[in-house]
Amino acid sequence: MFALSCLCYLLALASRARAKATTKAVVLFGDSYTDQSRQHSIANGTYPGKDYQEVFPPADTAADGGVQWPWYLGLYGNYTIWNYATGGAVCSNVLTPLNGEPDVIGGQTDWFIQDHVSNNGTKHQKLDMDPEEFVVIIYVGTNDVGLNSFVTDNQSATLSLADLAECQFQTLRNLYALGARRFIVNSMTPLQLTRLYSTDSAPTIYYPSPPHDGVAWNKRIFNFVHTMNTLLKNGVAALSQEWKGSATVEMFDTYALFEDMHNNPTQWFNGSIPANVTGHCHQCPDPTDFTQCGIGDCTLAERDSYMYWDELHPSEQTGRNLARQMWEKLTGSSKY
Ligand SMILES: *[C@@H]1O[C@H](CO)[C@@H](O)[C@H](O)[C@H]1NC(C)=O
Ligand SMILES: *[C@@H]1O[C@H](CO)[C@@H](O)[C@H](O)[C@H]1NC(C)=O
Ligand SMILES: *[C@@H]1O[C@H](CO)[C@@H](O)[C@H](O)[C@H]1NC(C)=O
Ligand SMILES: *[C@@H]1O[C@H](CO)[C@@H](O)[C@H](O)[C@H]1NC(C)=O
Ligand SMILES: *[C@@H]1O[C@H](CO)[C@@H](O)[C@H](O)[C@H]1NC(C)=O
Ligand SMILES: *[C@@H]1O[C@H](CO)[C@@H](O)[C@H](O)[C@H]1NC(C)=O
């Protein structure tokens, strides 16, 4: 009886401490849906290692055509942003070796260690942030299941979506071992809504050839996204139960947010033309010639009317919407 009430008291204290905690920083891992400039810096020959300073427009634009959503999240919540996401990345280069960009479980976690953990791997290991004052967000999977991987059946014969989900949970465990205690896993977005994975079989800049069956891709990606999201939700629930009292881990329902944007566009898009959630601003008139990309783009004034920037990437306004809802989540009031 006493032991039980005592335990409850400690748990109540722990959860009250977390509720009171002021979030000061957000640490992000992922791909081009989150990266500001790391991939471009790598391509530039600048290795974006310890204390990397992100490059913003006009010097460099992110894959959303402008400033990527973590910057807005930092602005809305007055958070310090540690953005380790890298365009083209996957959760694990061992599982799905695609572009060789630093992966979430490996190279991106290593950057976090370089920036924040002294005496890594020793018994004097020390994290330079208060675990209650920062949140880790993992937002990955689009490349893992996409082109040259599951969608085109290029994955290894012994790899399943369950392995991809497990990689995300292992990353959480690794970060837990380093001292992180607050986690959010973003669900995958409705990729079937993008032009790349639409039912249209016409070539795109991301897949100019060989010809593909758009209807088949569209069904496959729908299946992959829904299966991944079910695996992620179940795994996060299990981990949350396992870590009860010592850490929090929650889903952010990016899928539902994107669906809401798609279904109620006027509430979310505010450029100079009517909201457009089916097309995209950035155009590549000849899918076989990337040097023509940009010809026929929407204007700057029209840009915030689009849900998508290009055939695969959400727009900057979609990113602001995500940042706003994530900020509400971190302050305890988002429906996602
Ligand atoms: C790429 O290199 C140029 C020239 O040094 C620099 O101005 C630019 O900021 C770099 N871009 C990134 C993303 O690092
Ligand atoms: C923003 O965060 C910084 C660093 O945590 C803090 O010093 C400052 O007071 C905060 N500003 C506001 C307006 O809350
Ligand atoms: C941190 O330590 C672990 C365990 O020794 C090691 O596997 C990893 O490579 C180290 N990471 C860095 C960035 O030093
Ligand atoms: C993916 O599989 C297709 C069909 O087998 C093959 O033509 C293509 O070269 C593969 N792509 C990669 C990147 O391995
Ligand atoms: C649209 O709304 C965002 C805030 O969500 C604002 O930052 C942006 O400037 C607005 N865009 C236009 C074109 O008014
Ligand atoms: C949406 O944008 C695309 C690309 O600019 C355009 O082709 C399409 O007609 C637009 N749709 C609507 C409903 O305005």
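Trainee: In which sense do strand S1 and S2 pair, and over how many bridges?

Mentor: Please bear in mind that this is a predicted model. In general, the strands of a sheet pair through backbone hydrogen bonds, either parallel or antiparallel. Here strand S1, residues 25-30, pairs with S2 in the parallel sense, over 4 bridges. Within this pair, Val 26 stands opposite Ile 81 in S2.

Trainee: In what order do the strands of the open sheet lie?

Mentor: The order is S2-S1-S5-S6-S7, which gives an open sheet of 5 strands with parallel pairing. At its edges are strand S2 (80-83) and strand S7 (248-252), each of which pairs on one side only. On average, neighbouring strands of this sheet are turned by 20 degrees against each other, direction ignored.

Trainee: Which strands does helix H7 touch?

Mentor: Helix H7, residues 214-242, packs on the sheet and touches strand S6 (182-186) and S7. The direction of H7 makes about 160 degrees with that of S7.

Trainee: Which residues surround ligand 1?

Mentor: Among them are Ser 37, His 40, Asn 44 and Asp 60. The shell around ligand 1 divides into 2 nonpolar, 5 polar and 1 charged residues.

Conventions
Residues are numbered from 1 along each chain as its sequence is written. Chains are lettered from A and ligands numbered from 1 in the order in which they are written. This is a predicted model: local features need pLDDT of at least 70, side-chain atom pairs count only at pLDDT 80 or more; totals for chains, interfaces and linings use all residues. A residue is near a molecule or strand if its C-beta atom, placed from the backbone, lies within 6 Å of it. Ala, Val, Leu, Ile, Met, Phe, Trp, Tyr, Cys and Pro count as nonpolar, Asp, Glu, Lys and Arg as charged, and the others, Gly among them, as polar. Two strands pair if DSSP finds at least two bridges between them. Helices (H or I, at least four residues) and strands (E, at least two) are DSSP runs, numbered from the N terminus. Axes are lines fitted to C-alpha atoms, for helices over the stretch in contact, and angles run from 0 to 180 degrees between N-to-C directions. Two residues are in contact if their C-beta atoms, placed from the backbone, lie within 7 Å.
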